[in-house]
Amino acid sequence: MLISTSPLTEDLAGQLYPQPHYLQTQRRIKSLIDRYLSHEQLCDRLEDLPLQFQNPQPRPWKQIDWQVINYNQIICIKPEVFLSVLVGALDTEAPIRGYTQTSRQYLENLHPQMARFVGGTVDENGNLTELGLWEKEERQHTPTLLKIYQQLTGEKITPTLRTVRGYLPTDDPHEDLYCHGLHRVATEYGATCLYLWLMAHTTGTLQDILA
Ligand SMILES: [Fe+2]
């Protein structure tokens, strides 16, 4: 079915163009940055952090109707390009447990609240007794991307299992945390950019899920 694409139709990335040219796609990306990465938004997240330390609350997801996902919701890129970017994202998201536990160990002594927020709590034998909020949110990403892939192609795939660089302390825990934190920030920043780019190239339910 061809959906009417009057130039006034809007989605989460602002104006929706049926056949966008470079500058129009750039405008969509800019509008996403304004929407999700504005100074106000980022400050709001930071100010929320102390509250989340006290009372961690996962953010709710929109209700998703998976059945309606289809190739028409991909804009201006070939479906096979979209799919390969999706697979790349999948391989970066997994395995989340490894990532959260490494971060928890670097943070444990220097910022116990952040350690708990990211990686939860463990007992004296190192068994996880409570999940961190960050892990609770992050662990939804891989299954979601897998589901998108399956919905579009009718095929099931499994993410490539990567080896996580584990906790490797030196005699300078501050420097260790600094380097680790920088690495994490760069990874998350990369993921954010990728998802915004994907959102600029999608619409409808597919875009809602990426949001
Ligand atoms: Fe993620």
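**Figure 1. Cys76, a partly exposed residue in the loop between H2 and H3**. Let's start with Cys76, which has 18 C-beta neighbours inside 10 Å and so counts as partly exposed. (Buried means 20 or more other C-beta atoms within 10 Å of a residue's own, exposed means 12 or fewer, and partly exposed is in between, with C-beta atoms placed from the backbone.) Its phi is near 70°, a positive value in a residue other than glycine. For comparison, most residues other than glycine have a negative phi. This is a predicted model, in which local features need pLDDT of at least 70, side-chain atom pairs count only at pLDDT 80 or more, and totals for chains, interfaces and linings use all residues. Residue numbers start from 1 along each chain, following the sequence as written.

**Figure 2. The protein as a whole, for orientation.** Its secondary structure comes to 9 helices and 4 strands, where helices (H or I, at least four residues) and strands (E, at least two) are DSSP runs numbered from the N terminus. In order from the N terminus, the elements are β-β-α-α-α-α-α-β-β-α-α-α-α. The C-alpha trace spans about 60 × 40 × 30 Å along its principal axes. Of the 211 residues, 22% are buried. Among contacts with a separation of 6 or more, 66% come from residues 24 or more positions apart; a contact here is two residues whose C-beta atoms, placed from the backbone, lie within 7 Å.

**Figure 3. Helix H2 and its kink at Asp48**. H2 covers residues 39–54, and at 1.5 Å a residue its 16 residues should span 22 Å; the expected span is 1.5 Å times one less than the number of residues. The end C-alpha atoms are 24 Å apart, which agrees. Look along the helix for a kink of about 35° at Asp48, shortly before the proline Pro50. (The bend is the angle between axes fitted to the seven residues ending at a residue and the seven starting there.) The number of buried residues in H2 is 0, so this helix lies largely in the open.

**Figure 4. The cis peptide bond between Ala94 and Pro95**. Pro95 sits in the loop between helix H3 (79–93) and H4. The bond that joins Ala94 to Pro95 is cis, with omega about -10°. As a reminder, most peptide bonds are trans.

**Figure 5. Helices H4 and H5 packed in a roughly antiparallel pair**. The axes of H4 (residues 96–107) and H5 (residues 112–119) come within 8 Å and cross at roughly 175°. Axes are lines fitted to C-alpha atoms, for helices over the stretch in contact, with angles running from 0 to 180 degrees between N-to-C directions. The two helices are therefore roughly antiparallel, the term for angles over 145 degrees. H4 contributes Thr100, Gln101, Ser103, Arg104 and Leu107 to the contact, while H5 brings Met114, Ala115, Val118 and Gly119. By class, this contact has 4 nonpolar, 4 polar and 1 charged residues, taking Ala, Val, Leu, Ile, Met, Phe, Trp, Tyr, Cys and Pro as nonpolar, Asp, Glu, Lys and Arg as charged, and the others, Gly among them, as polar.

**Figure 6. Lys156, an exposed loop residue**. Lys156 lies in the loop between helix H7 (141–153) and helix H8 (173–200). It is exposed, with 9 other C-beta atoms within 10 Å. Lys156 is 10 residues from Leu146 in sequence, and their C-alpha atoms are 7.4 Å apart.

**Figure 7. Thr205 and Gly204 in helix H9**. Thr205 belongs to H9, residues 204–210, and is partly exposed, with 19 C-beta neighbours inside 10 Å. Setting aside neighbours within four places in sequence, Thr205 is in contact with Ile64, Asp65, Val68, Ile69 and Gln73. Thr205 and Gln73 are 132 residues apart in sequence, yet 7.7 Å apart from C-alpha to C-alpha. Gly204 is also found in H9 and is partly exposed, with 18 other C-beta atoms within 10 Å.

Key:
Parallel < 35°, antiparallel > 145°, perpendicular 65-115°, else oblique.
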